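Welcome! Take a look at the sequence and the model, then read on.

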Amino acid sequence: MLGTLRMDVDTCINEYLDMAPAVFPVEGVISGSNLSKFVKAVRGKQRFDPAPLEEAVKRLVEKHVTDRATKGKDTSLRFEASRGNKSPRCKVYGTCSLCLRSQADEESRFVCATSEKLGKHVRFRSYESSWNDIDDCPIWQACRATSAAPTFFPPMVIGKPPSAYVDGGLGYNNPIRLLLDEARHIWPRAREIGCIVSIGTGVLTSKDIGKTIKPLFESLEAMATDTERVAREFREEMKHRYGVEQKVYFRFNVQHGLEQVGLEEWKEMDRTKVATQDYAIEEWSQIEACASQLHKPTGT
């Protein structure tokens, strides 16, 4: 939404709230219980029908790119590259929003997915690449592939011959290293990093692995979505490279209040808003430092 469809934050929130009730319908007491979720996972059955998500993304593509593309809802991920549009834009990478801007204001975007059969991690790019490249596809298909989280949505089949893909968060829920990896291939000449911004989705509570179904399921779910370990390790690497007071890497992640808010729980938006506002107040000095660095990157 922020990258390919060029929405501002307020528009993103409004569009999400409009589409969420259809994409994530409220489950009943029994169907929404942890036992029911576990049974569905064991049987390989997903909780949600992918059709509403696909239709919602197609609608957004038609609404936000029709002035720059000619294929409507089936506009390809690489539509801008094929049209040679060179206007300044932000680079958006990964399964979560990380931004990087080059001195030439060139634009590139990719999302991560995982091949269901081989377990190989792939990248759907908005640009041509001679390295680890796969075929182009419509924007909505790339979105569905990277949203196919196990137990939530079924795999997305793309390409000829067809291949099934699932969420790239399986192994790369925090794609910070892929960001640098891809940047090095886009700009092979040595360039100093101006600023990296990583935004998390909240910190999960630590849980002991239990013997009953409920704690076991919750523990596996928590381990699959834990991104903080990667963030901590990367922060230490940046400190080692640029110094303790480095102003290159900024990580923002709400520490308290979102522990029990799941991916599909759109009705908890008010909780998300309040927790995020409180966190922003606590981290305001870092937010200002980040904004300054984005405006005029100076390395250390």
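Helix axes are lines fitted to C-alpha atoms over the stretch in contact, and angles run from 0 to 180 degrees between N-to-C directions. What you see is a predicted model, in which local features need pLDDT of at least 70 and side-chain atom pairs count only at pLDDT 80 or more, while totals for chains, interfaces and linings use all residues. Residues are numbered from 1 along each chain as its sequence is written, and side-chain values use heavy atoms, with hydrogens and water left out.

**How helices pack**

- Helices (H or I, at least four residues) and strands (E, at least two) are DSSP runs, numbered from the N terminus.
- Helix α3 (residues 51-65) packs against helix α5 (residues 139-147) with the axes 9 Å apart and an angle of about 140°. That makes the two helices, α3 and α5, oblique to each other; angles under 35 degrees count as roughly parallel, over 145 as roughly antiparallel, 65 to 115 as roughly perpendicular and the rest as oblique.

**Surface and interior**

- Buried means under 20% relative accessible area, exposed over 50%, and partly exposed in between (1.4 Å probe, protein chains only).
- Leu-2, Val-9, Ile-13 and Leu-17 make a nonpolar surface patch of about 310 Å². Patches are made of residues with over 30% relative accessible area and no salt bridge, joining like charges within 9 Å and nonpolar side chains (Val, Leu, Ile, Met, Phe, Trp, Tyr) within 5 Å. The areas come from the Shrake-Rupley method with a 1.4 Å probe, and for residues only the protein chains shown count as cover.
- Val-9 sits in helix α1 (residues 9-23) and is exposed, at 52% relative accessible area.
- Val-248, in the loop between α9 (228-242) and β8 (249-252), is buried at 0% relative accessibility. Its C-alpha atom is 7.0 Å from that of Ile-193, although the two residues are 55 apart along the chain.

**Salt bridges**

- Side chains of opposite charge can pair when their charged atoms come close. A salt bridge here is a side-chain nitrogen of Lys or Arg within 4 Å of a carboxyl oxygen of Asp or Glu, and by this rule the count is 14.
- Glu-128 and Arg-78 form one of them, with their closest N and O atoms 3.3 Å apart. Glu-128 is in the loop between β4 (121-125) and α5 and Arg-78 in the loop between α3 and α4 (79-83), so the pair ties together parts that are 50 residues apart in sequence. Glu-128 is exposed at 62%, whereas Arg-78 is buried at 7%.
- Arg-123 pairs with Asp-181 in a salt bridge, the closest N and O atoms being 3.2 Å apart. Because Arg-123 lies in strand β4 and Asp-181 in helix α7 (residues 176-186), this pair ties together parts 58 residues apart in sequence. Arg-123 is buried at 8%, and Asp-181 is partly exposed at 22%.
- Glu-233 and Arg-229 meet in a salt bridge (3.4 Å, N to O). Both lie in helix α9, 4 residues apart, about one turn of the helix.
- Salt bridges that share partners join Arg-123, Arg-125, Asp-181 and Glu-182 into one network.
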